Amino acid sequence: MINKTIADAEERMQKSLASLEDAFKKIRTGRAHPSILDSIMVSYYGTNTPLTQLASVNVEEGRSLLISPWEKALIGDIEKAILKSDLGLNPANNGDTIRVPMPVLTEETRKEFTKQAKHEAENARVAIRNIRRDANSNFKELGKEKEIGEDEQHRAEERVQKLTDKYIAVVEATYHTKEADLLSF
């Protein structure tokens, strides 16, 4: 029962980390990277479909993205979806492809994106701590019901604390990498 609870906690912590990485992908830096468009959904025959399933997205000259739709009829829809996204991008449609230049970030924008990244990292830390709390309350419940001894309960709580420390350290490292990327000129 203890091992199952710890494995569940670790799996949930990994999901929190994956969620943080997805959030960081949406915070753009000055460089072009195809993953910035991962969250964009395009209406395709009445169904919202991820852009990456409808077109190839490549980096062009480091500062812009080149989108080549599989079906040329989708160009207008893709362009509208990018404009509607809250990424602040202005696509240029040339009839066959869409070019998305990455705007240069001002110092004010960089600071704003850094605040946003810090907020996302804090959300991940809170989620990981909540997972620790849930696991520890499971152990306390098992202790009350006399299914595990006091020593086992403390050892299990220590294992969960080590997991928590490990994942919070990864969150910190991920945040500092993103922060350095945002603040580099």
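Tutor: E11 is partly exposed, at 42% relative accessible area (buried is under 20%, exposed over 50%, partly exposed in between, with a 1.4 Å probe and protein chains only). This is a predicted model, where local features need pLDDT of at least 70, side-chain atom pairs count only at pLDDT 80 or more, and totals for chains, interfaces and linings use all residues. Residues are numbered from 1 along each chain as its sequence is written, and side-chain values use heavy atoms, without hydrogens and water.

Student: Which side chain does E11 meet in a salt bridge?

Tutor: That of K15, at 3.5 Å from N to O; a salt bridge here is a side-chain nitrogen of Lys or Arg within 4 Å of a carboxyl oxygen of Asp or Glu. K15 is exposed, at 53%.

Student: How many residues apart are E11 and K15?

Tutor: Four, within helix α1 (residues 2–26), so about one helical turn separates them. Helices are DSSP runs of H or I, at least four residues, numbered from the N terminus.

Student: OK, other topic. What does R12 pair with?

Tutor: D134, with the closest N and O atoms 3.0 Å apart. R12 is partly exposed at 31%, and D134 is partly exposed at 27%.

Student: Which residues are linked in a network of salt bridges?

Tutor: E122, R125, R129 and E172.

Student: And how many salt bridges does the count come to?

Tutor: Nine.

Methods. Helix = DSSP H or I, 4+ residues; strand = E, 2+ residues; numbered from the N terminus.
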